[in-house]
Amino acid sequence: MLEAGRVVQEGTAADLAARPGSRFVGDLIGLDHFEGACSSGTVRIGDAELVVSSPLAGEVLVSVHPRAVALFPARPEGSPRNVWQAPVLGVEPIGDRVRVRLGGPLEVVAEVTPAAVRDLGLVPGAEPWVAIKATELAVSPR
């Protein structure tokens, strides 16, 4: 992967998607990503925190594919460790799926079906619950 004429990461497309080494790579692949400090399975990103399944400590880059970001009409129960309510900032149809841009403590994009958009009432200003399992978050040293 080249950024500004220099190699910033090497690997297959699958390697880059699984562990993007920079914000530039994450943006190009279309992942949600955050920079923060990891300690004891928690990454602090500004005023927010994400529970991760990584033993890393120190400065990290956390990424998640928008398909792994689940949306609910009410607070979900179960195994997801990362749950919060977020306002819908935008809705963008792309082929057979829809990218929903969410605000809140961590701005993320979720990819859902058109039926989910309709059933959950995902329009700008709506406030669905967001859930991401810790195992869906890829963590790499920064």
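Contact here means heavy atoms within 4.5 Å. The legends below describe a predicted model, in which local features need pLDDT of at least 70, side-chain atom pairs count only at pLDDT 80 or more, and totals for chains, interfaces and linings use all residues. Residues are numbered from 1 along each chain as its sequence is written, and side-chain values use heavy atoms, with hydrogens and water left out.

View A. Arg99 belongs to strand S10, residues 97–102; strands (E, at least two residues) and helices (H or I, at least four) are DSSP runs, numbered from the N terminus. Leaving aside neighbours within four places in sequence, Arg99 is in contact with Gly30, Pro66, Gly90, Val91, Glu92, Ile94, Val109, Ala110 and Glu111. Between Arg99 and Arg67 the C-alpha to C-alpha distance is 9.2 Å, with a separation of 32 residues in sequence.

View B. Glu111 is part of strand S11, residues 108–112. Its side chain makes a polar contact of 2.9 Å with the side chain of Arg99, and a polar contact of 2.9 Å also joins the side chains of Glu111 and Arg97. A polar contact is a pair of N or O atoms within 3.5 Å; within protein, one atom must be able to donate a hydrogen and the other to accept it, and residues adjacent in sequence count only if both atoms are side-chain atoms. Glu111 counts as buried because its relative accessibility is 10%; buried means under 20% relative accessible area, exposed over 50%, and partly exposed in between (1.4 Å probe, protein chains only). Beyond four places in sequence, the residues in contact with Glu111 are His65, Pro66, Arg67, Arg97, Val98 and Arg99.

**View C. Ser40 in the loop between strands S3 and S4.** The loop that holds Ser40 lies between strand S3 (32–39) and strand S4 (42–45). Although Ser40 is not a glycine, it has a positive phi of about 55 degrees. Ser40 counts as exposed because its relative accessibility is 75%.

**View D. The open sheet of 5 strands.** The strand order is S5-S4-S3-S6-S13, with antiparallel pairing; two strands pair if DSSP finds at least two bridges between them. Strand S5 (48–51) and strand S13 (138–141) each have a single partner strand and stand at the edges, so one side of each is left without a neighbour in the sheet. Strands S4 and S5 run antiparallel and are joined by 4 bridges. Arg44 stands opposite Glu49 in S5.
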